[in-house]
Amino acid sequence: MVGPVAHTCDAIVVGAGYIGCAVASALAGAGLRTALLDRGPIPGGASRANYGNVQVQDAELAHSLPMVTAGWRRFADLERELGCSVGYRRMGSLLLIESEAQWRLMAARLPALHAAGIAAELVPAAHLAELEPLLDPWAVLGACYHANEGQVSPFAFLAAFLRLGRRRGLAVYPYTEVTGFDMAGGRVVGLRATDQRFSAGAVILTTGAWTPRLGRLLGRHWAIPHVHGQALVTERVALTLRNHLASAAFFEQMHVVEDASSHPPEHGTAAASAASPAVLAVAQSTDGHFLLGEAGVVTEDLGAQATWQGQAAIAREVTRFLPALARLRVLRGWAAPVAFTADGLPFLGPVRDLPGLILATAFKSTVVVAPLIGDVVAQLVCTGRTDLDLQPFSPDRTIAHAHG
Ligand SMILES: Cc1cc2nc3c(=O)[nH]c(=O)nc-3n(C[C@H](O)[C@H](O)[C@H](O)COP(=O)(O)OP(=O)(O)OC[C@H]3O[C@@H](n4cnc5c(N)ncnc54)[C@H](O)[C@@H]3O)c2cc1C
């Protein structure tokens with residue numbers, strides 16, 4: 001049974017993934033009494049499931065470059081600010097190109113990337129062996145290379161924000177599911193979660209793939225579909241990957257996924273039983289494990305079950321490009337629902353006609369922007385304005401399909 005208001009806060013952050021942890025820590029740092037809630041363990045959601053790559057060159061081009069480049073700059077001093085190592089290391093990234101169409105797609109992105117100071121370049125297959133000895137150059141036409149990206153240890157990164165937040169007075173509530181909102185005078189003034197009530201001047205939803213579910217409680221239909229993304233991890237080996245790798249097919253795939261998102265599969269089309277197409281995404285943890293992915297299907301299923309079809313598809317895709325990994329033993333596989341939007345832009349900012357509510361979710365690449373988004377939301381809550389132009393990211397926008 002829901003009792004009277006048990007917790008009076010200045011700000012409540014719902015969802016303790018990368019974005020929620022960074023936002024909650026920044027709000028506490030701004031002196032606000034802040035609560036961070038998650039329906040499950042912390043960290044939760046897709047943030048328990050990823051490689052920690054600090055991705056830059058795959059940014060959405062029309063509106064996101066100022067956010068991504070500012071987010072990237074934030075990493076230079078981050079470990080000092082967090083007061084600990086988060087395993088941050090600089091490394092390059094290769095977007096592998098297999099067809100003339102992908103080459104043209106990548107080439108068309110370069111002027112906008114260069115104008116934003118992102119020095120990505122197209123490298124023909126013949127020169128790839130110097131950049132990435134594990135890659136079979138015969139498997140590709142070339143790659144889009146960016147020397148200046150990075151990686152963090154995902155759990156160290158999340159734990160650092162939580163620790164810093166707690167030092168600043170942040171109250172953290174795992175296994176506390178938000179099931180309703182409290183309104184007064186047209187404002188969102190609090191929420192109900194499990195058997196507790198929280199009140200606050202600002203409620204921030206950082207709920208990833210679950211955001212539409214919460215929106216429906218408020219009569220909103222936010223267009224945030226998600227993919228059931230899968231990956232697997234190998235034993236630790238002495239081989240070294242110099243870059244993080246992904247396929248340029250992600251950029252073509254994006255359009256396929258977008259088309260699928262406008263015709264979502266019938267409810268209950270369990271991702272678990274679907275044959276997941278795989279697109280290469282490979283990284284290596286600092287201690288030598290290979291992180292292999294990704295298989296993904298658009299689905300309404302919010303489950304996190306890995307499937308043998310998806311795992312097998314990943315293994316096939318990886319060995320096509322990285323034959324040296326063919327004999328590695330797989331330790332485990334996993335999956336998570338990953339939110340996206342058809343226009344490649346996040347839902348970031350206040351919600352029209354629902355004062356007191358802010359969304360910060362569905363970022364195209366999340367790790368690179370997470371610390372910055374913490375600052376942006378704290379500035380918005382404290383001052384009502386932001387240095388970053390949030391207009392393109394408005395949760396109330398009409399969604400158009402991306403072309404970049
Ligand atoms: C295999 C794989 C590899 C990836 N690699 C990378 C990478 O290298 N770099 C990168 O930038 N991105 C990567 N991604 C994507 C990245 O993981 C996600 O974009 C990111 O984790 C999203 O973070 P988030 O904080 O927005 O949401 P989430 O991490 O999904 O957090 C949302 C949270 O909200 C909570 N929640 C939902 N509803 C409620 C409720 N009603 N009450 C309370 N809590 C609720 C959920 O439990 C969850 O913990 C990868 C994804 C996959 C699948």
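Modeller: Let's start with a pair of strands: strand 9 and strand 10 (residues 187–193) run antiparallel and are joined by six bridges. Helices (H or I, at least four residues) and strands (E, at least two) are DSSP runs, numbered from the N terminus. Two strands pair if DSSP finds at least two bridges between them.

Biologist: Before we go on, where does the model come from, and how do you number things?

Modeller: It's a predicted model, where local features need pLDDT of at least 70, side-chain atom pairs count only at pLDDT 80 or more, and totals for chains, interfaces and linings use all residues. Residues are numbered from 1 along each chain as its sequence is written.

Biologist: Okay, back to strand 10: which residue stands opposite Ala 193?

Modeller: That's Val 178. The strands belong to an open sheet of four, in the order 1-11-10-9, with mixed pairing. Strand 1 (7–8) and strand 9 (178–184) are the edge strands, each pairing on one side only.

Biologist: Which strands make up the open sheet of six?

Modeller: The order there is 8-3-2-12-19-18, and the pairing is mixed. Strand 8 (171–173) and strand 18 (347–350) each have a single partner strand, so one side of each has no neighbour in the sheet. On average, neighbouring strands of this sheet are turned by 20° against each other, direction ignored; the axes are lines fitted to C-alpha atoms, for helices over the stretch in contact, and angles run from 0 to 180 degrees between N-to-C directions.

Biologist: Switching topic, why is strand 15 largely enclosed?

Modeller: Seven of the seven residues of strand 15 (residues 278–284) are buried, so the rest of the structure largely encloses it. Buried means 20 or more other C-beta atoms within 10 Å of the residue's own, exposed means 12 or fewer, and partly exposed is in between, with C-beta atoms placed from the backbone.

Biologist: Which way do its residues point?

Modeller: Ala 278, Leu 280, Val 282 and Gln 284 point one way from strand 15, while Val 279, Ala 281 and Ala 283 point the other way.

Biologist: And who are its partners?

Modeller: Strand 14 (residues 243–247) runs antiparallel to strand 15, with two bridges, and Leu 245 stands opposite Val 282. Strand 15 also pairs with strand 16 in the antiparallel sense, over five bridges; there, Ala 278 has Ala 295 as its bridge partner. Four residues lie between the strands of that hairpin, where Gly 288 has a positive phi near 100°.

Biologist: What about helix 6, which residues are buried there?

Modeller: Among them are Phe 157, Leu 158, Phe 161 and Leu 162. The buried residues of helix 6 pack against helix 1 (18–29), helix 3 (78–82) and strand 8. Contact here means C-beta atoms, placed from the backbone, within 7 Å. After helix 6 comes Gly 169, with a positive phi near 100°.

Biologist: Last one: how many residues surround the ligand?

Modeller: There are 39, and the closest are Gly 15, Gly 17, Gly 44, Gly 45 and Gly 208. A residue is near a molecule or strand if its C-beta atom, placed from the backbone, lies within 6 Å of it. Helix 1 gives the largest share of the shell, three residues.

Definitions and conventions
Contact = placed C-beta atoms within 7 Å.
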